[in-house]
Amino acid sequence: MALVVMDAGHGGNNPGAVYQGRQEKDDALALTLAVGQILEESGVEVYYTRTTDIYEAPEQKAQEGNAVRGDYFVSIHRNSSPYPNQYTGSYVIIVSSWWKARKITMS
Ligand SMILES: [Zn+2]
């Protein structure tokens, strides 16, 4: 069974994208926990780099993912733009333990 490392982007003093008080770090954490729960309920083993509002450097998170020997490392972010409705859809980068990066843009 694969181990999925779920990483909520940003956190702590690093809010990520901010729009009218809404902070990326909060959205990323909520989505990460929700997706992780779905995976766990489906029998997938999940490791979370954070489950609270803390900050760790991306390099530190990557080391954690390698230390637990994750098969997949999924880092969730929520970008923004200064122009309303400039972008739609999702932007997903998935890197497997074999370092085959896949970039998927959905709209
Ligand atoms: Zn981000």
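**The nonpolar core**

Begin by selecting Val4, Met6, Ala8, Ala28, Leu29, Val44, Val46, Tyr48 and Ile76, the nine residues of the largest nonpolar core. A nonpolar core here is a set of buried Ala, Val, Leu, Ile, Met, Phe, Trp, Tyr and Cys residues joined through side-chain atoms within 4.5 Å. Buried means under 20% relative accessible area, exposed over 50%, and partly exposed in between, with a 1.4 Å probe and protein chains only. The model is predicted: local features need pLDDT of at least 70 and side-chain atom pairs count only at pLDDT 80 or more, while totals for chains, interfaces and linings use all residues. Residues are numbered from 1 along each chain as its sequence is written, and side-chain values use heavy atoms, with hydrogens and water left out.

β1, α1 and β4 each supply at least two of its residues, and the largest share, three residues, comes from β1. Helices (H or I, at least four residues) and strands (E, at least two) are DSSP runs, numbered from the N terminus. Now pick alanine 28: leaving aside residues up to four places away in sequence, alanine 28 touches Ala8, Gly9 and Ile76. Contact means heavy atoms within 4.5 Å.

Two of them join distant parts of the chain: glutamate 24 is in helix α1 (residues 24–41), and histidine 77 is in the loop between β5 (72–76) and β6 (90–96), 53 residues apart. Glutamate 24 is buried, at 3% relative accessible area, whereas histidine 77 is partly exposed, at 41%.

**Salt bridges**

Show the charged side chains next. A salt bridge is a side-chain nitrogen of Lys or Arg within 4 Å of a carboxyl oxygen of Asp or Glu, and the count comes to four.

Go to lysine 61, which pairs with aspartate 7, the closest N and O atoms being 2.9 Å apart. Lysine 61 lies in helix α2 (residues 58–67) and aspartate 7 in strand β1 (residues 3–8), so this pair ties together parts 54 residues apart in sequence. Is lysine 61 buried or exposed? Lysine 61 is buried, with a relative accessible area of 4%; aspartate 7 is buried, also with 4%.

Then select aspartate 53 and lysine 25, which meet in a salt bridge of 3.0 Å, N to O. Aspartate 53 sits in the loop between β4 (45–48) and α2, lysine 25 in helix α1, 28 residues apart. Aspartate 53 is partly exposed, at 42%, and lysine 25 is buried, at 7%.

Move to aspartate 27 and arginine 78, whose closest N and O atoms are 2.8 Å apart in a salt bridge. Aspartate 27 is in helix α1 and arginine 78 in the loop between β5 and β6, 51 residues apart.

**Serine 81**

Finish at serine 81, in the loop between β5 and β6. Serine 81 is buried, at 16% relative accessibility. Its side chain makes a polar contact with the side chain of glutamine 86 (2.4 Å) and reaches the backbone nitrogen of tyrosine 83 at 3.1 Å. A polar contact is a pair of N or O atoms within 3.5 Å; within protein, one must be able to donate a hydrogen and the other to accept it, and residues adjacent in sequence count only if both atoms are side-chain atoms.
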